[in-house]
Each structure stands twice: as structure tokens, then as C-alpha cells.
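Please open the structure in your viewer and follow the stops below in order. Each stop names what to select and then describes what is found there.

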Amino acid sequence: MDRVKLYATLIKQALSDYVALVQKSPHLPYQVVMAFDDEHHQYLVRKVGWQENKRILKTVLHLALYNGKIYIEEDWTEEGIATWLLEQGVPNTDIILSFQPPLIRPYGEFAVA
């Protein structure tokens with residue numbers, strides 16, 4: 001399996017596991033939905049719903065694949081999806097924390113771009 005297909009499979013598994021875990025919580029005021037776009041290599045988890053008169057629309061996770069690398073565009077999970085990806089064997093040189101400003105990325109443990 002080539003790297004892009006492997007990474008897409010890992011990302012979809014991580015997002016599916018996260019959603020399954022969150023949906024175990026009773027009485028959530030929102031739905032947790034996933035969107036997988038394999039053609040454009042975009043993968044999302046969102047909270048969608050209502051709490052009283054307030055609309056809930058929040059992207060919890062957004063990952064993308066570009067040039068054989070995983071770009072974490074958004075991550076509001078407790079442990080961070082980068083940690084999970086490392087545990088699955090993805091090298092830190094293939095993970096970009098793109099939610100961080102480009103100027104500080106060289107000082108972290110992950111790829112710059």
C-alpha cells in the first residue's frame with residue numbers, strides 16, 4: 001500500500017474511533033459527524049446541533065494529505081491526533097501541525113511543510 005493510501009486509512013480509522021468514543025456520551029446537545037473526501041484528501045469531524053437557542057457548529061478535527069504528508073489543520077481533541085499518528089508509526093517528518101503559524105513550526109518536533 002502506498003503512503004497516501006496508508007495515511008488516508010489511518011486518518012479515517014482515527015476519526016472513526018474518536019466519533020465512536022464521543023457518541024458513547026449520553027444526551028449530547030449535538031451530533032458528531034464525519035466527512036471523508038478521498039478525491040481531495042480532506043477528512044473532518046464536526047459537532048453540529050443546537051443547545052437551547054444557540055447553534056453549535058464546530059470543527060473538532062480537520063486533516064488533509066498533501067505531497068505525501070499529513071497536515072493537521074484543526075485539532076481540538078484532548079490528547080491530539082498527532083500523538084496517535086506517531087503511535088501508529090507515522091514519522092514526525094510526515095506530520096505538519098498546520099494550525100500553528102509557519103514561523104514557529106521549525107522549533108517543534110514535527111515537519112515544517
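Begin with the charged side chains: a search of the whole structure, which is a predicted model, finds three salt bridges.

**First stop: aspartate 94 and its partners**

Select aspartate 94 together with arginine 3. Their side chains meet in a salt bridge, at 3.0 Å from N to O. This pair links distant parts of the chain: aspartate 94 belongs to the loop between helix 2 (81-87) and strand 5, arginine 3 belongs to helix 1, and they are 91 residues apart. Is aspartate 94 buried or exposed? Aspartate 94 is buried, because its relative accessible area is 6% and buried means under 20%. Arginine 3, by contrast, counts as partly exposed, at 42% relative accessibility.

Lysine 69 lies in strand 4, and aspartate 94, in the loop between helix 2 and strand 5, is 25 residues apart from it. Through shared partners, salt bridges join Arg3, Lys69 and Asp94 into one network.

**Second stop: aspartate 38 and lysine 12**

Select aspartate 38 and lysine 12, whose side chains meet in a salt bridge at 3.0 Å, N to O. Here too the pair links distant parts of the chain: aspartate 38 sits in the loop between strand 1 and strand 2, lysine 12 sits in helix 1, and 26 residues separate them. Aspartate 38 counts as partly exposed at 39% relative accessibility, and lysine 12 counts as partly exposed at 23%.

Five strands form an open sheet in the order 1-2-3-4-5, with mixed pairing. Its edge strands, each pairing on one side only, are strand 1 (30-37) and strand 5 (95-96). Strand 4 (residues 69-75) and strand 5 run parallel and are joined by two bridges. Select isoleucine 70 to find isoleucine 95 of strand 5 opposite.

Then select helix 1 (residues 3-22). Helix 1 lies across strand 1, strand 2 (42-51), strand 3 (54-66) and strand 4, and runs at about 155° to strand 3.

**Last stop: a nonpolar patch**

Finally, show the surface and select Leu103, Ile104 and Tyr107, which make a nonpolar surface patch of about 430 Å². Leucine 103 lies in the segment after strand 5. Leucine 103 is exposed, because its relative accessible area is 75% and exposed means over 50%.

Conventions. Residues numbered from 1 in each chain as written. Predicted model: local features only at pLDDT ≥ 70, side-chain atom pairs only at ≥ 80, totals over all residues. Heavy atoms only, no water. Pairing = 2+ DSSP bridges. Helix = DSSP H or I, 4+ residues; strand = E, 2+ residues; numbered from the N terminus. Contact = heavy atoms within 4.5 Å. Axes fitted to C-alpha atoms, helices over the stretch in contact; angles between N-to-C directions. Patch = residues over 30% accessible without salt bridge, like charges linked within 9 Å, V, L, I, M, F, W, Y side chains within 5 Å. Areas by Shrake-Rupley, 256 points an atom, 1.4 Å probe, with all protein chains shown as cover. Salt bridge = Lys/Arg side-chain N within 4 Å of Asp/Glu carboxyl O. Buried < 20%, exposed > 50% of the residue type's maximum accessible area, 1.4 Å probe, protein only.
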